Amino acid sequence: MKRNTPLITLLVGAALGVVLLVSNMLATPSGAPVSYSAAAASAASVPATAPAPSSPAPAATESSPAPATSSPAPATSSAAPAESSEAPEQSPAQSSSAVSAPAAAPAPEPTRTTPTRATYTARVGGGGGSVAVAVHDSKAIAYVCNGSTVEGWMRGKVENGKLTLTGKNNAHLTATYHAGKVTGDVKAHGTDFSFSAPTATKSSGLYEATVSVQGKTIKAGWIVLNDGTQIGSLETDANSAAPPAVTAPKLDLATMTARLGDLVLHAVPVDGVTGSGF
């Protein structure tokens, strides 16, 4: 019996060690879930800032909303380029419209070579007389004289740039506008003249004076050329069918008067610009 005592003691110690080992093993599984939960909780909090590659399940769970939240940001930024890309498309359209604007502008009216309100004076072709034409809108008055026996007043209308004027004793004038001049033919007292009259300047032009004396109408006409030359004729009885004509007295342009003996003639301009004398 004494020889078996150490053996029994050894066996009892071994059994106690086995019991302690089993107790430790049973205690370890119960503590593992606690530490795992703590690790899982800490892993869940970490992906909020930076996902950990070692814990795929929590990373997939927590990080999936992040792409969903961040995906609208690219959509918003992509819309910005779409809006900015429209600006360059509008600017070329606006610039092209600005370039095409002059083409759409109405064409300017053609420049008139001859005014519709003007007075023209000139010597007739071959000399021997002068002619004056006053145009005021659609009306015209003309006078031709040689300073003595040939003279004639004519009136008429302007149509399509042409003048057709008539007066007593078959006096007539036909003319057209051309390059600021009135060019045509005039006839008075059976004498034909051609002429090309430029626009009158300064005090040049056509003047007329009428006065009644003893039941008779005395009518005088003067043509003052651009060089200051003056020529005029006078009808001693303008109401007769064929009034005789004589040389008119000199017209004083400063006072617009002329003296015929003791008779003073007061002249008025026949002016196409102002319409005086029409």
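A polar contact is a pair of N or O atoms within 3.5 Å, where within protein one atom must be able to donate a hydrogen and the other to accept it, and where residues adjacent in sequence count only if both atoms are side-chain atoms. In this predicted model, local features need pLDDT of at least 70 and side-chain atom pairs count only at pLDDT 80 or more, while totals for chains, interfaces and linings use all residues. Residues are numbered from 1 along each chain as its sequence is written, and side-chain values use heavy atoms, with hydrogens and water left out.

The side chains of Thr 183 and Ser 196 are joined by such a polar contact, at 3.3 Å. Thr 183 lies in strand S7, strands being DSSP runs of E with at least two residues, numbered from the N terminus. With a relative accessibility of 31%, Thr 183 counts as partly exposed, a class between buried (under 20% relative accessible area) and exposed (over 50%), using a 1.4 Å probe and protein chains only. Beyond its neighbours within four places in sequence, Thr 183 is in contact (heavy atoms within 4.5 Å) with Thr 174, Ala 175, Thr 176, Phe 195 and Ser 196.

Eight strands form an open sheet in the order S1-S2-S3-S4-S5-S6-S7-S8, with antiparallel pairing; two strands pair if DSSP finds at least two bridges between them. Strands S1 and S8 are at the edges, each with a single partner strand, so one side of each has no neighbour in the sheet. S1 and S2 pair in the antiparallel sense over seven bridges, and Ala 118 has Val 135 in S2 as its bridge partner.

| Strand | Residues |
|---|---|
| S1 | 117-123 |
| S2 | 130-136 |
| S7 | 181-188 |
| S8 | 191-198 |

Key:
Helix = DSSP H or I, 4+ residues; strand = E, 2+ residues; numbered from the N terminus.
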